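Please work through the following exercises with the sequence and the model at hand, taking each solution one step at a time.

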Amino acid sequence: MEHSDAADDTRPSAQPADGTPGQRRAAPAVLWLACAAQFMVVLDVSVVNVALPSIKAALGFDAAGLQWVVGGYALVFAGFLLLGGRLADLYGRRKVFIWGLVLFSASSLVGGLATVPGLLVAMRAVQGLGAAVLAPATLTVLTTTFAEGHARTRALAVWTAVSSAGGAAGNVIGGVLTESLSWRWILLLNVPVGAAAVLFAVRLLPADCSPEAAPRTRLDLPGAVLATVGVSALVHGVTQVEKHGWSGPAAASGLVLGLVALSAFAVTEARYAADPLLPPRLVRMRPVWAGNAVMLLAGACFIPMWYFLSLCMQDLLDYGALATGVGFLPHTLVGIAAARLAPAVMRRTGSRNLIVGSALLSALGFLWQSRIGAESGYLDGLLGPAVVMSAGMGLLITPLTTTVTSGVPERDAGAASGLMNTTRQTGGVLGLAVLVGLSASAGSTAASYRTAFAAIAAACAGVAALALALPAPRMCARRR
């Protein structure tokens, strides 16, 4: 019998992990719940950027302290992602999802009401911790609700589109809220959204198995400490490169500590941990290790893009903060459309071929973007490249996420989600540091941006080459 292509995008195929009829009917609502939580997490990475001048004036930040409004969130978020992912495997997806929502929303409330710089920075760090628990949980909820195959691919396409929208919408929402209300609302808005998400989570997510029925596992504390210290130190060291150079004490000490801690983490997980934070059996799977290698390099391309485009619009094209946010709308809309199209393309090409092709398409878009100059207009300087690069990005992330999570047993779903999020964020930080160094050596303002975009184009070509290490494409047969 022919498989119907008209199936609803949010319907699980075959049996989801929890296969009662009621849970199958609730699957579309679970998808949108996970997407709403992921949107909050991604949004808060960038939403404060436009509001930084207002925050500085209101709370009396100095220049050194102001950077931690952004850096405090990003550093804790990246450092705790691996631990956050494993918590869902050990303590239950429903419980950890709700914990993450409560922690994220409560810290947003206190941060939005802060009257001194230290409290705001502290709450941004707690927000990052909540996000590190919540982000892997959203992906784990999806991969355990939707059976592997077409249904999961379509669900991941929606999740990817919403994630892309959150990253791009941060500048727009931040500008609108700051100019029309107050900078405080960029944080306070999370409170009613988070409260509603908690209520829906209690109603929609299936109860976790009882402690008596669950296998006996315990948190790998040495692994958790080493992974958190390693990733946090590595990220902190890389962020110091822009100011102090690769050989500066702040950067060098962070990099060395990070590499030593991550090496010790690898040895601990392989030889000594009874219940590893990152099970070696997971890393030995080809889709996991190869997919995360591709994700690391893809993060180095796509996450720094927002940084350079935002500054390019303001420094080179003289756009204001709100105009810069609006300028990102084509990237958002095209990325969403491409992500929604990805499952249909995957059916014809297979995941690996689509990753290679979309990476090359992104490379062409960034190469076009590298021709920008002060005399460039919106159509040729931004809109044209945006359509090409965003189409490539939107088509790439869904098959890559599907590949990384394919074949992962349910007991390791959280660890796989945490690892994927960690590699993507770490790749973004590493890529930004390298690109900032390259652009700074280019000379003029226009040349610095052209150099950065040309380097991203080359890295995207590297993504296409590295993707050849992924498992061979699996075509979805139309006849049973």
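**Exercise 1.** At what angle do helix α13 and helix α19 pack, and how far apart are their axes?

*Solution.* In this predicted model, begin by locating α13 at residues 286-315 and α19 at residues 445-466, whose axes lie 9 Å apart at an angle of about 160 degrees. Since angles over 145 degrees count as roughly antiparallel, α13 is therefore roughly antiparallel to α19. The crossing of the two helices is left-handed. Next, turn to the residues that meet: α13 contributes, among them, V294, L297, F302 and D315, while α19 contributes residues including Y449, F453, I456 and L466. Sorted by class, the residues of the contact of α13 with α19 comprise 19 nonpolar, two polar and one charged.

**Exercise 2.** Determine how α16 is placed against α19, and classify the residues of their contact.

*Solution.* Helix α16, residues 351-369, packs with α19 at an angle of about 170 degrees, the axes being 8 Å apart, and that angle makes α16 roughly antiparallel to α19. On the α16 side the contact includes V356, L360, F366 and Q369, and on the α19 side F453, I456, C460 and A464 are among the residues involved. By class, this contact of α16 with α19 holds 13 nonpolar and two polar residues, with no charged ones.

**Exercise 3.** Is E375 buried or exposed?

*Solution.* First place E375 in the loop between α16 and α17. Its relative accessible area is 67%, and because exposed means over 50%, E375 is exposed. Finally, relate E375 to L317: the two are 58 residues apart in sequence, and their C-alpha atoms are 7.9 Å apart in space.

Key. Residues are numbered from 1 along each chain as its sequence is written. This is a predicted model: local features need pLDDT of at least 70, side-chain atom pairs count only at pLDDT 80 or more; totals for chains, interfaces and linings use all residues. Side-chain values use heavy atoms; hydrogens and water are left out. Axes are lines fitted to C-alpha atoms, for helices over the stretch in contact, and angles run from 0 to 180 degrees between N-to-C directions. Helices (H or I, at least four residues) and strands (E, at least two) are DSSP runs, numbered from the N terminus. Angles under 35 degrees count as roughly parallel, over 145 as roughly antiparallel, 65 to 115 as roughly perpendicular and the rest as oblique. A crossing is left-handed if the near helix is turned anticlockwise from the far one by less than a right angle, and right-handed if clockwise. Contact means heavy atoms within 4.5 Å. Ala, Val, Leu, Ile, Met, Phe, Trp, Tyr, Cys and Pro count as nonpolar, Asp, Glu, Lys and Arg as charged, and the others, Gly among them, as polar. Buried means under 20% relative accessible area, exposed over 50%, partly exposed in between (1.4 Å probe, protein chains only).
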